[in-house]
Amino acid sequence: MMDTIFLASIFPKLLSGLPLTLNLTFFSLLGGAGLALLLNLARTTRPGTALASSYVFVFRGTPLLVQIFMIYFGLGQIEFIRSSFLWPFLREPYWCGLLALILNDAAYTSEILRGGLRAVPVGAREAARVCGMSRLQVLRRVTLPIAVRQALPAYSNEVISMLKSTALVSMISLMDVTGIAREAVAETWRAVEIFLCAGLIYLVLSLIVTRLTDRIERTLSPWQFGARQ
């Protein structure tokens, strides 16, 4: 039988790691989206396509935990890195974890965005060019909005996946929800209750993301635009 008094005491402690979990999720998605956009822009040239494809292959083909370890433990062994201006950042677990999450997220998001870009009707871009829009205006006003709408269902899964992936940074001593849970288990040996509470927190966050993306998807739906007219 569950000890409700212990659960009530451990829950606020786990929630103290929530700001770091949300921080890592937000900035990894933000940085990953920017890098994913650059990767797709690079695909307009043959060398850029080869570079982007290689990047995606490497980061999707290796475990995120290995990438975190490579950045956190590996970069510090390179003399050039230790003597550069990057070292004050790369010696900190937070920046190493965030960098690994951004690089990993960019690989998956670039493929999602690539699928969305391919779904944009050629006629829509041609119509925009006929109206006198520049390439940049077509990209900003026509291509990207349609591509984002097409990619949103798949991207919502990536958001949830990245939210859960932030738990891996606890392996490099960051005290997010999972990090605090691991520390509490080491102190109390009550793994079931503690990880049950941690799992419940991630479950609620995933539910919130799902509801928000469903609402955004309905808002951007062409049917919604037609219904308002």
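Predicted model: local features only at pLDDT ≥ 70, side-chain atom pairs only at ≥ 80, totals over all residues.

Student: What box do the C-alpha atoms fill, and what percentage of the residues is buried?
Tutor: Taken along the principal axes, the C-alpha atoms of the protein chain fill a box of roughly 70 × 55 × 25 Å. A residue counts as buried under 20% relative accessible area. Of the 229 residues in the chain, the buried ones make up 38%.

Student: Among contacts between residues at least 6 apart in sequence, what share joins residues at least 24 apart?
Tutor: Contact here means heavy atoms within 4.5 Å. Among the contacts in the protein chain between residues at least 6 apart in sequence, the share joining residues at least 24 apart is 76%.

Student: How do helices α7 and α9 pack, and what is the handedness of their crossing?
Tutor: Helix α7 covers residues 93-118 and helix α9 covers residues 135-165. Their axes are 8 Å apart, at an angle of about 150 degrees. The crossing of α7 and α9 is right-handed.

Student: Which residues make that contact, and how do the residues of the contact of α7 with α9 divide by type?
Tutor: From α7 the contributors include Leu101, Asn104, Tyr108 and Thr109, and from α9 they include Ala147, Tyr155, Glu158 and Met162. Sorted by type, the residues of the contact of α7 with α9 come to 11 nonpolar, 6 polar and 2 charged.

Student: Is Thr109 buried or exposed, and which residues does Thr109 contact beyond its neighbours in sequence?
Tutor: Thr109 is placed in helix α7. Its relative accessible area is 7%, under the 20% limit, so Thr109 is buried. Leaving aside neighbours within four places in sequence, Thr109 is in contact with Gly32, Ala33, Ala36, Tyr155 and Glu158.

Student: Why does Asn104 count as buried, and which residues does Asn104 touch?
Tutor: Asn104 also has its place in helix α7. It counts as buried because its relative accessibility is 6%, and the limit is 20%. Not counting residues up to four places away in sequence, Asn104 touches Phe59, Leu64, Gln67 and Met162.

Student: How many aromatic pairs are found in the whole structure, and what is the geometry of the pair Phe26 and Phe27?
Tutor: A search of the whole structure finds 6 aromatic pairs. One of them joins Phe26 and Phe27, with 5.1 Å centre to centre and 80 degrees between the planes. Planes over 60 degrees apart count as edge-to-face, so the pair of Phe26 and Phe27 is edge-to-face.

Student: Why is the pair of Tyr72 and Phe73 edge-to-face, and which residues form a cluster through ring pairs?
Tutor: The ring centres of Tyr72 and Phe73 are 4.8 Å apart and their planes stand at 70 degrees, so the pair is edge-to-face. Both residues are partly exposed, Tyr72 with a relative accessible area of 23% and Phe73 with 45%. The cluster linked by ring pairs consists of Phe69, Tyr72 and Phe73.

Student: Which residue lies over the face of Phe6?
Tutor: A charge sits over a ring if, for Arg, CZ is within 6 Å of the ring centre and within 35 degrees of the ring normal. At 4.1 Å from the ring centre of Phe6, the residue over its face is Arg190.

Student: What distance separates the C-alpha atoms of Asp214 and Ser156?
Tutor: Asp214 is found in helix α11 and is partly exposed, with a relative accessible area of 29%. Asp214 and Ser156 are 58 residues apart along the chain, and their C-alpha atoms are separated by 8.7 Å.

Key:
Residues numbered from 1 in each chain as written. Heavy atoms only, no water. Axes fitted to C-alpha atoms, helices over the stretch in contact; angles between N-to-C directions. Helix = DSSP H or I, 4+ residues; strand = E, 2+ residues; numbered from the N terminus. Left-handed = near helix turned anticlockwise from the far one by under 90°. Nonpolar A, V, L, I, M, F, W, Y, C, P; charged D, E, K, R; others polar. Phe/Tyr/Trp six-rings, centres within 6.5 Å; stacked < 30°, edge-to-face > 60°. Buried < 20%, exposed > 50% of the residue type's maximum accessible area, 1.4 Å probe, protein only.
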